[in-house]
Amino acid sequence: MNKMRAIIDYTCMEDDCDQVIQFNLMQLKENKGILKCPCCHRQYEFADDLFLSKLEKLRKLLLAVQDAEEILGDCNVGVTTLNGEVKIPYRLLLTRLNTMITLDVGGVKVDFHFRVEPLDNASFR
(Lines give C-alpha, C1' and ligand atoms only; values in the text may rest on other atoms or scores of the structure.)
Protein backbone atom coordinates (compact mmCIF):
# COMPACT_ATOMS: atom_id res chain seq x y z
CA MET A 1 0.00 0.00 0.00
CA ASN A 2 1.32 3.44 -0.91
CA LYS A 3 1.93 5.86 1.89
CA MET A 4 -0.18 8.99 1.74
CA ARG A 5 -0.77 12.30 3.37
CA ALA A 6 -4.18 13.56 4.39
CA ILE A 7 -3.76 17.32 4.50
CA ILE A 8 -6.30 19.17 6.61
CA ASP A 9 -6.64 22.89 7.00
CA TYR A 10 -8.84 25.27 8.96
CA THR A 11 -8.87 28.98 9.70
CA CYS A 12 -7.27 30.23 12.93
CA MET A 13 -9.90 31.10 15.53
CA GLU A 14 -7.92 33.96 17.09
CA ASP A 15 -9.52 37.41 16.77
CA ASP A 16 -7.92 39.42 13.93
CA CYS A 17 -6.14 36.34 12.56
CA ASP A 18 -7.56 34.50 9.60
CA GLN A 19 -4.45 32.50 8.79
CA VAL A 20 -4.99 29.00 7.42
CA ILE A 21 -3.51 26.31 9.66
CA GLN A 22 -2.52 23.16 7.83
CA PHE A 23 -1.58 19.76 9.22
CA ASN A 24 -1.18 16.16 8.13
CA LEU A 25 -3.87 13.97 9.67
CA MET A 26 -1.56 10.96 9.49
CA GLN A 27 0.92 12.70 11.84
CA LEU A 28 -1.47 14.36 14.30
CA LYS A 29 -0.86 11.71 16.96
CA GLU A 30 2.90 12.15 16.62
CA ASN A 31 2.41 15.81 17.57
CA LYS A 32 0.28 14.71 20.56
CA GLY A 33 -2.66 16.64 19.09
CA ILE A 34 -0.92 20.01 19.34
CA LEU A 35 -0.89 22.52 16.49
CA LYS A 36 0.23 26.13 16.32
CA CYS A 37 -0.90 28.95 14.05
CA PRO A 38 2.06 30.00 11.87
CA CYS A 39 0.97 33.66 12.03
CA CYS A 40 -0.24 34.54 15.56
CA HIS A 41 1.27 31.43 17.22
CA ARG A 42 -1.97 30.51 19.00
CA GLN A 43 -1.67 26.91 20.16
CA TYR A 44 -4.44 24.40 19.58
CA GLU A 45 -4.58 21.19 21.57
CA PHE A 46 -6.85 18.54 20.11
CA ALA A 47 -6.85 16.23 23.12
CA ASP A 48 -10.60 15.57 23.34
CA ASP A 49 -11.10 11.82 22.85
CA LEU A 50 -14.28 12.27 20.79
CA PHE A 51 -12.60 14.81 18.49
CA LEU A 52 -9.53 12.63 18.01
CA SER A 53 -11.78 9.60 17.51
CA LYS A 54 -13.57 11.37 14.64
CA LEU A 55 -10.27 12.27 13.02
CA GLU A 56 -9.06 8.68 13.48
CA LYS A 57 -12.21 7.37 11.79
CA LEU A 58 -11.62 9.82 8.96
CA ARG A 59 -8.05 8.53 8.66
CA LYS A 60 -9.32 4.93 8.48
CA LEU A 61 -11.86 5.92 5.84
CA LEU A 62 -9.13 7.52 3.73
CA LEU A 63 -6.97 4.41 4.06
CA ALA A 64 -9.91 2.17 3.12
CA VAL A 65 -10.58 4.25 0.01
CA GLN A 66 -6.90 4.04 -0.88
CA ASP A 67 -6.99 0.27 -0.39
CA ALA A 68 -10.02 0.02 -2.73
CA GLU A 69 -8.30 2.09 -5.43
CA GLU A 70 -8.04 -0.79 -7.91
CA ILE A 71 -11.84 -1.24 -8.07
CA LEU A 72 -12.78 2.45 -8.09
CA GLY A 73 -12.51 2.56 -11.89
CA ASP A 74 -15.42 0.09 -12.01
CA CYS A 75 -17.59 2.05 -9.55
CA ASN A 76 -19.99 4.84 -10.46
CA VAL A 77 -22.39 7.07 -8.57
CA GLY A 78 -25.75 7.58 -10.23
CA VAL A 79 -27.10 11.13 -10.06
CA THR A 80 -30.65 11.75 -11.19
CA THR A 81 -31.19 15.01 -13.08
CA LEU A 82 -34.12 16.44 -15.03
CA ASN A 83 -32.60 14.88 -18.16
CA GLY A 84 -32.24 11.40 -16.63
CA GLU A 85 -29.60 9.57 -14.66
CA VAL A 86 -25.94 10.42 -15.08
CA LYS A 87 -23.25 7.97 -14.00
CA ILE A 88 -20.22 9.68 -12.49
CA PRO A 89 -17.07 7.59 -11.97
CA TYR A 90 -16.36 7.31 -8.25
CA ARG A 91 -12.69 8.16 -8.83
CA LEU A 92 -13.76 11.45 -10.43
CA LEU A 93 -15.86 12.30 -7.38
CA LEU A 94 -12.87 11.78 -5.11
CA THR A 95 -10.75 14.21 -7.10
CA ARG A 96 -13.34 16.89 -7.88
CA LEU A 97 -15.41 17.31 -4.73
CA ASN A 98 -14.26 19.40 -1.80
CA THR A 99 -14.34 17.28 1.33
CA MET A 100 -14.98 18.93 4.65
CA ILE A 101 -15.85 17.85 8.18
CA THR A 102 -17.41 20.34 10.61
CA LEU A 103 -16.46 19.72 14.23
CA ASP A 104 -17.05 21.52 17.50
CA VAL A 105 -13.88 23.16 18.83
CA GLY A 106 -14.41 24.78 22.21
CA GLY A 107 -18.06 25.52 21.45
CA VAL A 108 -17.35 26.89 17.96
CA LYS A 109 -18.20 24.98 14.77
CA VAL A 110 -15.06 24.81 12.64
CA ASP A 111 -14.85 23.55 9.06
CA PHE A 112 -11.86 21.29 8.48
CA HIS A 113 -11.09 20.95 4.76
CA PHE A 114 -9.01 18.02 3.63
CA ARG A 115 -7.41 16.51 0.59
CA VAL A 116 -5.51 13.28 0.17
CA GLU A 117 -2.16 13.12 -1.59
CA PRO A 118 0.19 10.22 -2.26
CA LEU A 119 3.73 10.54 -0.94
CA ASP A 120 5.05 9.08 -4.18
CA ASN A 121 3.79 9.52 -7.73
CA ALA A 122 0.82 7.18 -7.30
CA SER A 123 -2.41 8.18 -8.96
CA PHE A 124 -4.56 8.22 -5.81
CA ARG A 125 -5.77 11.70 -4.86
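Q: Through how many residues does a hairpin join strand 5 to strand 6?
A: This is a predicted model. In it, the hairpin connects strand 5 to strand 6 through two residues. The two strands, residues 76–81 and residues 84–89, run antiparallel and are joined by six bridges.

Q: In what order do the elements of the protein chain run from the N terminus on?
A: The order is β-β-β-β-α-α-β-β-α-β-β. The protein chain has three helices and eight strands.

Q: How many salt bridges does the count come to?
A: The general idea is one of charge. Side chains of opposite charge can pair when their charged atoms come close. In this model the count comes to one salt bridge. Its partners are the side chains of glutamate 14 and arginine 42, at 3.6 Å from N to O. Glutamate 14 lies in the loop between strand 1 (4–11) and strand 2 (20–24), while arginine 42 lies in the loop between strand 3 (34–36) and strand 4 (43–45), so the pair ties together parts that are 28 residues apart in sequence.

Q: Are glutamate 14 and arginine 42 buried, exposed or partly exposed?
A: A residue is buried under 20% relative accessible area, exposed over 50%, and partly exposed in between. Glutamate 14 has a relative accessibility of 35%, so it counts as partly exposed. Arginine 42 also counts as partly exposed, because its value is 29%.

Q: Which residues gather in a patch of positive charge on the surface?
A: The patch consists of Lys54, Lys57, Lys60 and Lys109. Helix 1, residues 49–67, gives the most to this positive patch, with three residues. Lysine 54 has its place in helix 1, and it counts as partly exposed because its relative accessibility is 38%.

Q: What does phi tell us about aspartate 16 and histidine 41?
A: Most residues other than glycine have a negative phi. Aspartate 16, which is not a glycine, has a positive phi near 65 degrees. Histidine 41 is not a glycine either, and its phi is positive at about 70 degrees.

Q: Where are aspartate 16 and histidine 41 placed, and are they buried or exposed?
A: Aspartate 16 is in the loop between strand 1 and strand 2, and with a relative accessible area of 85% it is exposed. Histidine 41 is in the loop between strand 3 and strand 4. With a relative accessible area of 52%, histidine 41 is exposed.

Q: What percentage of the residues in the protein chain is buried?
A: Of the 125 residues in the protein chain, 29% are buried. One of the buried residues is phenylalanine 112, with a relative accessible area of 1%. Phenylalanine 112 belongs to strand 8, residues 108–118.

Q: What distance separates the C-alpha atoms of phenylalanine 112 and glutamine 22?
A: Those C-alpha atoms are separated by 9.5 Å, and the two residues are 90 residues apart along the chain.

Definitions and conventions:
Residues are numbered from 1 along each chain as its sequence is written. This is a predicted model: local features need pLDDT of at least 70, side-chain atom pairs count only at pLDDT 80 or more; totals for chains, interfaces and linings use all residues. Side-chain values use heavy atoms; hydrogens and water are left out. Two strands pair if DSSP finds at least two bridges between them. Helices (H or I, at least four residues) and strands (E, at least two) are DSSP runs, numbered from the N terminus. Patches are made of residues with over 30% relative accessible area and no salt bridge: like charges are joined within 9 Å, nonpolar side chains (Val, Leu, Ile, Met, Phe, Trp, Tyr) within 5 Å. Accessible areas come from the Shrake-Rupley method with a 1.4 Å probe; for residues, only the protein chains shown count as cover. A salt bridge is a side-chain nitrogen of Lys or Arg within 4 Å of a carboxyl oxygen of Asp or Glu. Lys and Arg count as positive and Asp and Glu as negative; His and the chain ends are not counted. The place of a charge is taken as NZ of Lys, CZ of Arg, CG of Asp or CD of Glu. Buried means under 20% relative accessible area, exposed over 50%, partly exposed in between (1.4 Å probe, protein chains only).
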